[in-house]
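Please look through the chain below before reading on. My comments follow as numbered points.

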Amino acid sequence: MQIPYELLGKFFIILAIAALVVLGIALLLGAYSFKKQRILFPNFVLFILYLFYGPAKWICRVFGIKDTLVDEILVEVRNAVMLEGFKKIKDGRVIFLPQCLRHPNCKARCDPLVGYECKMCGLCDIGTICKAAKEKNFEVYVIPGGSFVKKIIKAHRPESCIGVACYPELAESMQGASPFMIVQGVSLLQDGCYNTKVDVEEVIRKMEECNV
């Protein structure tokens, strides 16, 4: 039997065009939701952008748009979808902070199970966040990598978390954690792997949403 290569080729071209159209719609809906703070078809947007994550970033680069827009949409749409559930959680609440927020002269020791143990020395913003978290019934973990998140989830079974990271890492980690708990994300103001910054007031505001 002769394989109809021409027909198969046409089929895959049509399939590719359809996928690009659907992806374009998801990007437009996500960008609108992100800009207007009015979430439209959130589950559709999340599903399509995670499914076509690489192509979505490629489309952004082709049109001269920063490709982190995809990650920003994923984080903010998931924040909106899970916000009401997050507000209802009163116990088992944690905050994951990246170790890159630490001051260069930080003397904290890294525990192999829970990450860095803040000494509240005042050299960086971690101490301020830890102090506010204690008042608002959140446990803080300063982690050197994603493997620590898995350890902590397995050992302590938190019900909700606030994650702090750059947008690409937030998009990935929130997707991984969302089947196990209610998640919210706060992006770094200044990212990188060293001496990063976060809006402390935004992190505290997230915590306060559980106490309204």
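This is a predicted model: local features need pLDDT of at least 70, side-chain atom pairs count only at pLDDT 80 or more; totals for chains, interfaces and linings use all residues.

The points below run from the overall chain to single residues.

1. The protein chain has 212 residues, of which 42% count as buried. Along the principal axes, its C-alpha atoms fill a box of roughly 70 × 35 × 35 Å. The accessible surface comes to about 12400 Å², and carbon and sulfur atoms account for 61% of that.

2. Secondary structure and contacts. The protein chain holds 8 helices and 7 strands. Take the contacts between residues at least 6 apart in sequence: 65% of them join residues at least 24 apart.

3. Annotated segments. An unreviewed UniProt entry places the feature "transmembrane region" at residues 12-32 and 39-56. In the model, residues 12-32 are 100% helix and 0% strand, with end C-alpha atoms 30 Å apart. Residues 39-56 are 78% helix and 0% strand, and here the end C-alpha atoms lie 19 Å apart.

4. Nonpolar patch. Which residues form a nonpolar patch on the surface? They are Ile13, Ile17, Val21, Val22, Ile25, Phe41 and Phe44, with about 640 Å² of accessible area together. Helix α1, residues 5-36, supplies the largest share of the patch, 5 residues. Ile13 is placed in helix α1. With a relative accessible area of 53%, Ile13 is exposed, because the cut-off for that class is over 50%.

5. The model contains 10 salt bridges. In one of these, the side chains of Asp71 and Lys57 meet with an N to O distance of 2.7 Å. Asp71 belongs to helix α4 (residues 68-88) and Lys57 to helix α3 (residues 53-62), so this pair ties together parts that are 14 residues apart in sequence.

6. Salt-bridge network. Glu202, Arg205, Lys206 and Glu209 are linked in a network of salt bridges. Within it, Glu209 pairs with Lys206, and the closest N and O atoms are 3.8 Å apart. That distance still qualifies because the cut-off is 4 Å. Glu209 counts as buried at 11% relative accessibility, and Lys206 is buried at 6%.

7. Glu117 and Arg109. The side chains of Glu117 and Arg109 form a salt bridge at 3.0 Å, N to O. Glu117 is partly exposed, with a relative accessible area of 32%. Arg109 is partly exposed as well, at 47% relative accessibility.

8. Asp111. What surrounds Asp111 in the model? Leaving aside neighbours within four places in sequence, Asp111 is in contact with Glu117 and Phe148. Glu117 is the residue that meets Arg109 in the salt bridge of the previous point. Asp111 lies in strand β2, residues 110-111. A polar atom of the Asp111 side chain is 2.8 Å from the backbone nitrogen of Leu113. At a relative accessible area of 15%, Asp111 is buried, because the cut-off for that class is under 20%.

Terms used: Residues are numbered from 1 along each chain as its sequence is written. Side-chain values use heavy atoms; hydrogens and water are left out. UniProt positions are given in the numbering used here, feature names are shortened, and annotations may be inferred rather than shown by experiment. Helices (H or I, at least four residues) and strands (E, at least two) are DSSP runs, numbered from the N terminus. Patches are made of residues with over 30% relative accessible area and no salt bridge: like charges are joined within 9 Å, nonpolar side chains (Val, Leu, Ile, Met, Phe, Trp, Tyr) within 5 Å. Accessible areas come from the Shrake-Rupley method with a 1.4 Å probe; for residues, only the protein chains shown count as cover. Buried means under 20% relative accessible area, exposed over 50%, partly exposed in between (1.4 Å probe, protein chains only). A polar contact is a pair of N or O atoms within 3.5 Å; within protein, one must be able to donate a hydrogen and the other to accept it, and residues adjacent in sequence count only if both atoms are side-chain atoms. Contact means heavy atoms within 4.5 Å.
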